[in-house]
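Please read this report with the sequence and the structure open side by side.

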Amino acid sequence: MKHLLFAAAAAFSFVAGGPAIAQAFDDSSFTSYSPNLARGERLFHVGSCASCHQEKGTALDASAPLLGGGMEIDSPTFGIVRVPNITGSSAGIGDWSRGDFLNAMLHGTSPDGGNYTPLFPYEFYAKMKPEHVVDLFEYIKQSAPKSDRASEKHSMLLTRRIFGKNPWRFSFEPAAYDGAGDNENDPIAWGKYLTENVAACGACHTPRNSAFILEDSQTHKGGISPLGEVAGDISKSAVSGLGPDGFTDMLAAGTGLDGSTPVKGTMQRVSAQLAQAPESDQTAVYQYLADLKELPKPVVEMSCEAPRSPVSEPA
């Protein structure tokens with residue numbers, strides 16, 4: 001039944017002349033694919049999964065059950081959303097198939113056919129390469145620490161419960177993969193993929209209108225995030241003065257763009273996790289945000305002695 005629902009949703013959203021609509025996944029999807037767990041770990045850090053799914057009361061530590069969930073998001077648009085456990089245990093996503101996880105990440109649909117709210121930013125993840133999504137899934141299931149904490153039900157606003165249909169779905173059409181994640185050797189293209197589709201920076205740093213639709217003209221300009229926190233301006237004009245080293249230093253120190261004010265809340269966890277990603281990925285994110293096509297050439301200091309004149313040599 002859940003696969004019929006997915007197929008119906010995909011058919012309903014077809015628009016002639018637009019991008020190819022993505023087909024829903026099922027339990028047989030990508031079963032023969034051999035995952036790259038090292039890449040899955042990279043994407044886990046770039047995506048800062050623990051920034052929302054970190055288990056209450058745990059430290060942001062590699063040995064802790066980072067994805068046990070429990071954070072409450074008090075959203076004026078949706079009500080109180082309780083972040084679920086997504087560790088590899090049976091209390092999390094341990095019993096999910098690869099198709100279930102792909103549908104969640106790329107279509108915003110749950111294994112039982114329900115629609116996730118865009119507080120889970122699937123509208124950004126939707127353009128991830130499916131193989132990369134499987135890499136992430138298997139890293140979480142096989143390598144990340146597990147938690148048996150039971151996920152709690154949301155307390156959605158009465159209007160959401162009465163009307164049932166989720167209006168934000170009308171602004172989201174899952175498109176077929178367009179090759180965005182195939183350009184790792186191009187730092188700008190790879191940085192764009194990591195920034196927009198893996199880290200989903202725009203989910204917090206791009207303002208939304210009253211219908212919860214992104215204001216594309218204000219991409220990365222900052223505002224109040226869906227979590228109710230201040231999300232700063234990370235557009236080109238704001239970050240270009242940092243330089244690549246300044247950007248990675250800022251993440252490592254957990255500060256704002258001024259290099260001294262500590263970031264707080266969700267952004268504190270985002271900075272801490274993104275700082276654990278390979279420096280090349282951090283730099284690619286910066287290059288995309290700053291529109292820096294080439295990295296500054298290193299300055300090489302050299303010294304040498306002036307040659308002595310033969311005339312001055314002693315006889």
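Thr206 lies in the loop that runs between α9 (202-205) and β4 (223-224), where helices (H or I, at least four residues) and strands (E, at least two) are DSSP runs numbered from the N terminus. The model is a predicted one, in which local features need pLDDT of at least 70 and side-chain atom pairs count only at pLDDT 80 or more, while totals for chains, interfaces and linings use all residues. Residues are numbered from 1 along each chain as its sequence is written, and side-chain values use heavy atoms, with hydrogens and water left out.

Is Thr206 buried or exposed? Thr206 counts as buried because its relative accessibility is 7%, buried meaning under 20% relative accessible area, exposed over 50% and partly exposed in between (1.4 Å probe, protein chains only). Its side chain reaches the backbone nitrogen of His220 at 2.9 Å. Beyond the neighbours within four places in sequence, Thr206 is in contact (heavy atoms within 4.5 Å) with Leu214, Glu215, Gln218, Thr219 and His220.

## Helix α4

Helix α4 (residues 98-107) is mostly covered, with ten of its ten residues buried; among them are Arg98, Asp100 and His107 as well as Phe101 and Leu102. Just after α4, Gly108 takes a positive phi of about 70 degrees.

## The second largest pocket

A pocket is an open set of points on a 1 Å grid over the protein atoms alone, where a 1.4 Å probe fits, with protein on both sides within 12 Å along at least five of seven lines; lining residues have an atom within 4 Å of a point. The second largest pocket is lined by 32 residues, of which Glu123, Phe124, Lys127, Asn197 and Leu214 lie nearest its centre. The elements that give two or more residues to this lining are α5 (122-125) and α8 (187-198), and α8 gives the most, with six residues. The table sorts the lining by class, with Ala, Val, Leu, Ile, Met, Phe, Trp, Tyr, Cys and Pro counted as nonpolar, Asp, Glu, Lys and Arg as charged, and the others, Gly among them, as polar.

| Class in the lining | Number |
|---|---|
| Nonpolar | 17 residues |
| Polar | eight residues |

## The protein as a whole

The secondary structure comes to 13 helices and five strands, and of the 315 residues of the protein 43% count as buried. Among contacts with a separation of 6 or more, residues 24 or more positions apart account for 65%.

How values were computed: A polar contact is a pair of N or O atoms within 3.5 Å; within protein, one must be able to donate a hydrogen and the other to accept it, and residues adjacent in sequence count only if both atoms are side-chain atoms.
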